[in-house]
Amino acid sequence: MGNKEKDIKELHNEYMSEIIADGAENETLRTAIRRAREAYRKNLKKALETFPESVEYKEKARKIKEYAIDHLEELIEKTQKAVERNHGHFYLAKDAEEANEIISRIVGKPKKIIVKGKSLTTEETELRQYLQKVGHEVWETDLGEFLVQIRNGRPMHMLAPSVDLTREEAAKLISKITGEDLPEDKIETSVAAVRRFLRDKFTNADVGIAGANSISADTGTLFIIENEGNIKLTASLPEKFIALVGVEKIVPTLDDAFHMVKTTWRFANYQVPSYVHMISGPSKTGDIEKVTTYGAHGPKEFHLVLLDNGRIELSKNKDFKEILYCMKCGACMYECPVFWVTAGHFGKSYPGGIGALWDAFIAKGFKEGAPSVYSCAICDRCRVRCPLNIDTAKMIIKLRKVLYEKGYAPSTVKEAEKKFFGDL
Amino acid sequence: MKVLLSGVVNLKHTNQLDVLESIESTLKKAGAEISHINGEIMCGEASINLGISDKILPIFKKFKEKVEEIKPDVIVSAYAAGVAKWSRDLPNNYGLKLSVPYVHLSEFFADYFSKNKPNLKPFPHTYFVQHGCTLGRKMGRYGAIREVLNLIPELRVIEEDYPTAELEGIDPAEFNSCPGAWLNFTQPDLGDYVKENYVLDILVPRKPEYAGSTCANGHFGIRQGLEIAEIDSIKPLYFTQLLDKVWE
């Protein structure tokens with residue numbers, strides 16, 4: 001919020017200082033990304049060799065998203081009806097502030113223990129920070145996001161929030177919080193230490209919060225992909241489960257939602273994820289006299305908070321609505337030459353080239369989002385890697401025109417204009 | 001054949017005079033009569049990429065007027081940007097059309113060699129070719145440079161591979177990494193790291209003796225990257241420089 005007072009020059013300078021000092025100058029980060037990129041490619045190859053039909057998923061996924069974004073408001077209404085029919089609670093938050101307030105009301109009085117799954121939408125609203133500020137104890141339970149929380153950072157990749165860390169750095173960070181002296185070369189001891197540390201939080205949690213990878217409007221079902229098992233616990237153990245999801249994740253049917261989910265995991269490099277959850281409402285039983293009673297072993301309450309925050313308006317913008325097709329599989333980032341040297345320092349709430357567009361239109365606004373728009377190398381490689389063929393470079397170029405007209409371009413653009421085009 | 005060579009100023013701006021020399025030499029070997037537009041700024045793609053396209057529309061109108069005055073048979077450039085601009089953006093978005101074809105140098109030479117048998121000396125070395133993003137991914141034109149390089153006896157051409165390209169039915173060139181040259185216009189400080197990383201991650205492991213991009217902008221990125229990374233074992237060589245060496 002304070003950035004509104006900063007002038008654009010200051011914003012560009014601050015961004016450049018961060019992206020150079022914390023990103024490009026950091027040799028360890030480059031090593032970590034190089035390792036992650038090689039692993040991504042190897043895993044993707046294995047996944048596509050095992051399931052060659054996945055290549056055909058792309059076209060259908062694109063069509064599903066095109067339809068969904070063109071019928072967004074209609075699908076939101078359908079989702080509401082389905083969720084309420086399933087005895088869930090439905091909310092449509094117009095912006096980040098309203099989403100956080102709604103969730104805060106659902107959570108209730110302070111000092112609750114909240115376990116949270118990884119979610120870029122909650123990063124967009126800064127939900128963890130908001131709930132901590134009003135007095136709750138909040139724990140990120142995805143390992144990568146847990147590392148983000150304990151180092152007070154922000155996600156460096158859409159799916160792998162701590163992709164910038166080496167095993168050695170991760171072990172050091174975890175040792176600090178658990179008080180153990182973990183060996184730096186063994187990833188499994190770090191993983192086990194976090195498991196031990198968070199186990200107690202899961203069992204005592206009052207509220208579980210997560211995002212979702214897709215929602216089917218016909219049944220009001222959330223699909224959540226995960227590998228760690230933290231979502232399983234987050235969505236099952238606490239009395240209340242809250243999902244904060246961007247409206248763009250809605251697709252018409254259960255089949256469509258599953259198609260989006262399998263496309264996401266396959267191009268996120270998995271042959272198959274360990275878990276895909278389908279959640280359509282609160283836990284219930286009809287085992288005694290066939291009387292439906294809510295709150296059996298799982299949460300008694302199910303709340304779906306859908307976040308608009310500019311998405312509905314963007315869905316009507318023919319030049320930029322493609323931004324909303326992004327499934328956040330993160331594949332593009334492994335092939336982005338700028339991401340290779342900066343990780344998520346290229347971006348703010350959302351990393352990478354597509355992230356720069358999300359920041360500008362959704363999370364941060366044109367002014368604060370402007371600097372990362374100029375970090376894109378316009379090489380178009382992300383489009384080739386994107387399973388939905390999203391033309392990020394083309395949209396970045398169009399957005400630069402808007403930013404130039406608003407006076408948000410960096411001084412280098414003005415210098416180039418003068419140098420190359422000044423005399424003509 | 002009357003050839004208007006476009007993008008000369010850009011080559012001078014980026015101090016790629018050796019590349020310019022080789023372009024002029026090879027065009028002459030192909031029997032071209034070369035002309036330039038003095039002070040011309042060809043790099044229209046930059047105006048689009050920087051978001052200032054509307055403001056510089058008069059430049060393109062002026063370019064068109066000059067072309068009509070010079071009346072070349074063909075316009076050629078080492079930069080893909082002008083090719084993209086004049087074959088795609090200006091006709092489609094602004095109704096500006098040229099009366100003569102505007103082609104990339106690789107396409108000019110591929111066409112020339114398809115009609116004329118050159119006498120090319122063997123070049124027993126490894127050459128890494130980067131398919132520039134504008135001519136490549138954005139326009140899908142990969143064939144010409146391959147045709148030209150394949151004519152050189154004993155040359156071993158190295159292209160960037162991509163592990164899933166075949167599985168996905170995609171030309172690996174579609175996945176060619178970017179040496180980051182467009183960042184020179186927006187965030188040059190960041191661009192230096194991208195260029196250095198390109199050299200270290202893409203070029204060095206493939207161990208070519210020479211490397212070049214189809215596009216003079218990408219080629220500039222590679223040159224800068226080699227300098228920043230202080231790699232002497234790989235020499236930057238634009239394809240016309242290579243052609244000039246072997247064309248007797």
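In the predicted model, B:Leu5 stands opposite B:Val76 of strand S3 in chain B. This pair belongs to a parallel pairing in which four bridges connect strand S1 (residues 2-6) of chain B with strand S3 (residues 74-77) of chain B. Two strands are taken to pair if DSSP finds at least two bridges between them, and the elements themselves are DSSP runs numbered from the N terminus, with helices (H or I) of at least four residues and strands (E) of at least two. S3(B) also runs parallel to strand S4 (residues 102-104) of chain B, to which three bridges join it; here B:Ile75 has B:Tyr102 of S4(B) as its bridge partner. The model is a predicted one, in which local features need pLDDT of at least 70 and side-chain atom pairs count only at pLDDT 80 or more, while totals for chains, interfaces and linings use all residues. Residues are numbered from 1 along each chain as its sequence is written, and chains are lettered from A and ligands numbered from 1 in the order in which they are written.

Chain B also holds an open sheet of four strands, with the order S6-S5-S7-S8 and parallel pairing. Strand S6 (156-158) and strand S8 (235-236) of chain B form its edges, each pairing on one side only. Three bridges link S6(B) in the parallel sense to strand S5 (residues 126-130) of chain B, and B:Tyr127 finds its bridge partner in B:Val157 of S6(B). In general, strands of a sheet pair through backbone hydrogen bonds, either parallel or antiparallel.

The phi of B:Glu154 is near 70°, a positive value in a residue other than glycine. B:Glu154 counts as exposed because it has 11 C-beta neighbours inside 10 Å; by the cut-offs used, a residue is buried with 20 or more other C-beta atoms within 10 Å of its own, exposed with 12 or fewer, and partly exposed in between, the C-beta atoms being placed from the backbone. A:Ile378 also has a positive phi, of about 60°, although it is not a glycine. The loop between helix H16 (366-373) and H17 of chain A is where A:Ile378 lies, and A:Ile378 counts as buried because it has 26 C-beta neighbours inside 10 Å. Most residues other than glycine have a negative phi.

In chain A, strand S12 (residues 301-307) is mostly covered, with six of its seven residues buried. S12(A) pairs in the parallel sense with strand S1 (residues 89-93) of chain A over five bridges, and A:Phe90 stands opposite A:Leu304 of S12(A). Strand S7 (residues 240-246) of chain A also runs parallel to S12(A), joined by seven bridges; there, A:Ile242 has A:His303 of S12(A) as its bridge partner.

Which residues have the most contacts inside the largest nonpolar core? They are A:Leu244, A:Val305 and A:Leu357, in a core of 199 residues. Such a core is a set of buried Ala, Val, Leu, Ile, Met, Phe, Trp, Tyr and Cys residues joined through C-beta atoms within 7 Å. Neighbours within four places in sequence aside, A:Leu244 is in contact with residues including A:Ala99, A:Ile103, A:Ile209, A:Val305 and A:Leu307. Contact here requires C-beta atoms, placed from the backbone, to lie within 7 Å.

Helix H10 (residues 187-204) of chain A has 18 residues and spans 27 Å from its first C-alpha to its last, close to the 26 Å expected at 1.5 Å a residue, the expected span being 1.5 Å times one less than the number of residues. H10(A) bends by about 30° at A:Leu198, where the bend is the angle between axes fitted to the seven residues ending there and the seven starting there. A:Leu198 is also one of the buried residues of H10(A), together with A:Ser190, A:Val194 and A:Phe202. Among the elements covering these buried residues are strand S2 (113-116), helix H8 (143-150) and helix H9 (167-178) of chain A.

Finally, the two chains meet in a contact that takes 40 residues from chain A and 41 residues from chain B. On the side of chain A that touches chain B, H2(A) gives the most, with seven residues.
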